[in-house]
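Work through the exercises below with the sequence and the structure at hand. Each task is followed by a solution in steps.

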Amino acid sequence: MKFLIINSGSSSLKYQVFDLNEKCILKGSCEKIGFDKSIITQKNFISGEKINKEFENINNHEKAFSIITDLLIDPKYGVAKNINEISAVGHRVVHGGPYFKESAVVDDYTIEKIRDLIKLAPLHNEANLHGILACREILGKDFPQVAVFDTCFYHDLPQKAYMYGIPYEYYEKYHIRKYGFHGTSHRYINKKCSEIMNIDIKDLKLISCHLGNGSSVTAIDAGKPVDTTMGFTPLEGFMMGTRCGSIDPAIVAYLAEKESLSASEVNEILNKKSGLLGISGVSSDERSIMKSADEGNQRAILAHDMLTYQITKYIGSYMVALGGCDAIVFTGGIGENQWKHREKICSYLSFMGIKLDKKINKDTISGKQSKISLNDSKIAVYVIPTNEELGILKEIIRCLNL
């Protein structure tokens, strides 16, 4: 049995194939879908064969998935003799709203609700749905697919943490509450950290920092989330690649009036033109901002100062929410690779007895896993690469009773 895991973006389709032993045997991606030229990269971990090739006329996700399925069964590059060797497909879906307490087998109802929730996660749910529909188109309606929602991990957050201070009737009528995101990653990190520290998950108090183009911090006590930074949508929390994070909500009405903008136009600005991009004026890509900051660009430096300061404030508040903390974990593209950010955040927290091993921290990049705090640090600090795909695989097996 083999399982295909898909993470579909607005112009990309990333994929991995696992065997039943939870071993990744193939990994690839199709980038720049809808552009004049798209790029497919793929590596077969069994044979070592690699692909890095440009393709023309990949106009949509259906076309991309059609090419990918051909590569999966290619005699040289693939891992299957025919597509029937793939037992099921799992999809990361960002927002499950009030409809999904756990992962769900894809059917017409699942598709309808994912589509309905596009308005709450405009950067992701539509793209996630493209991946699901592409699989349906190529593999058929009855091919087993499972949607794994970022929000499921947070469904049982304490009410005091997920409610907003607006009239209660809006919660009742429109289900306005904190939903939380990156749940698959935070769940994986919590389990992995308990294994590394040799602490029973029921005894572990953890602050998990998933830092990337989209970022969130989650406080976890005994395997259950206590609070998290993202909210009703992924916009809440600290600033991210293009998202503003939490701001005074009166700014929305003020901008709409001053700039003669509609609510949706302001929402577009806050989701796609703000954050690191809006402050730095350089890019939403952390690598470009880092290069610019190192060259002395003051706005790029400011963007980083704001980011690390805001992250630290949330970590500090979650220390209170947890009543203490055993470990802080950094993960995600930024969390795993930007050692300067980790050093700055930990320096803010040094008054709590956190002591960083600066050499190990600097060396821990590019997928490395390590404890980066000194042995006498009152709180352990780790870098643990996330593995959302493995988390999705486990959900496929559970949902389909395999």
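Ala, Val, Leu, Ile, Met, Phe, Trp, Tyr, Cys and Pro count as nonpolar, Asp, Glu, Lys and Arg as charged, and the others, Gly among them, as polar. The model used throughout is predicted.

**Exercise 1. Describe the lining of the second largest pocket.**

Step 1. Start with the volume, which is about 700 Å³ for the second largest pocket.

Step 2. Count the lining: 20 residues line this pocket, and those nearest its centre are Phe-232, Thr-233, Leu-235, Pro-249 and Val-252.

Step 3. Sort the lining residues by class, which gives 13 nonpolar, 5 polar and 2 charged.

Step 4. Find the main contributor. Helix 8 (residues 263–272) supplies the largest share of the lining, 5 residues.

**Exercise 2. Work out the strand order of the open sheet of 6 strands, and find its edges.**

Step 1. Strands of a sheet pair through backbone hydrogen bonds, either parallel or antiparallel.

Step 2. The order across this open sheet is 11-10-9-12-14-13, and the pairing is mixed.

Step 3. Strand 11 and strand 13 (370–371) each pair on one side only, and are the edge strands.

Step 4. For an antiparallel pair, take strand 10 (residues 216–221) and strand 11 (residues 224–228), with 4 bridges between them. Within this pair, Thr-218 has Thr-228 of strand 11 as its bridge partner. The hairpin that the two strands form has 2 residues between the strands, and Ala-222 has a positive phi near 55° there.

Step 5. For a parallel pair, take strand 12 (residues 327–331) and strand 14 (residues 380–383), joined by 4 bridges. Here Val-329 is bridged to Tyr-382 of strand 14.

**Exercise 3. Decide whether Ile-311 is buried or exposed, and list what Ile-311 touches.**

Step 1. Locate the residue: Ile-311 belongs to helix 11 (residues 298–322).

Step 2. Apply the cut-off. Buried means under 20% relative accessible area. Ile-311 has 2% relative accessibility and therefore counts as buried.

Step 3. Leaving out residues up to four places away in sequence, the contacts of Ile-311 are Leu-211, Val-217, Phe-238 and Ile-345.

Step 4. Compare sequence with space for one of these contacts. Leu-211 and Ile-311 are 100 residues apart in sequence, while their C-alpha atoms are 9.4 Å apart.

**Exercise 4. Find which residues of helix 1 are buried and what covers them.**

Step 1. Helix 1 (residues 61–72) has 12 residues and spans 16 Å from first C-alpha to last, close to the 16 Å expected.

Step 2. Its buried residues are His-61, Ala-64, Phe-65, Ile-67, Ile-68, Thr-69, Leu-71 and Leu-72.

Step 3. The cover over these residues includes strand 1 (2–8), strand 5 (50–56) and helix 3 (125–139).

Technical notes: Residues are numbered from 1 along each chain as its sequence is written. This is a predicted model: local features need pLDDT of at least 70, side-chain atom pairs count only at pLDDT 80 or more; totals for chains, interfaces and linings use all residues. Side-chain values use heavy atoms; hydrogens and water are left out. Two strands pair if DSSP finds at least two bridges between them. On a 1 Å grid over the protein atoms alone, a cavity is a set of points where a 1.4 Å probe fits but cannot get out, and a pocket is an open set with protein on both sides within 12 Å along at least five of seven lines; lining residues have an atom within 4 Å of a point. Grid points are joined across faces, edges and corners, and a volume is the space filled by probe spheres set on the points. The expected span of a helix is 1.5 Å times one less than its number of residues. Buried means under 20% relative accessible area, exposed over 50%, partly exposed in between (1.4 Å probe, protein chains only). Contact means heavy atoms within 4.5 Å.
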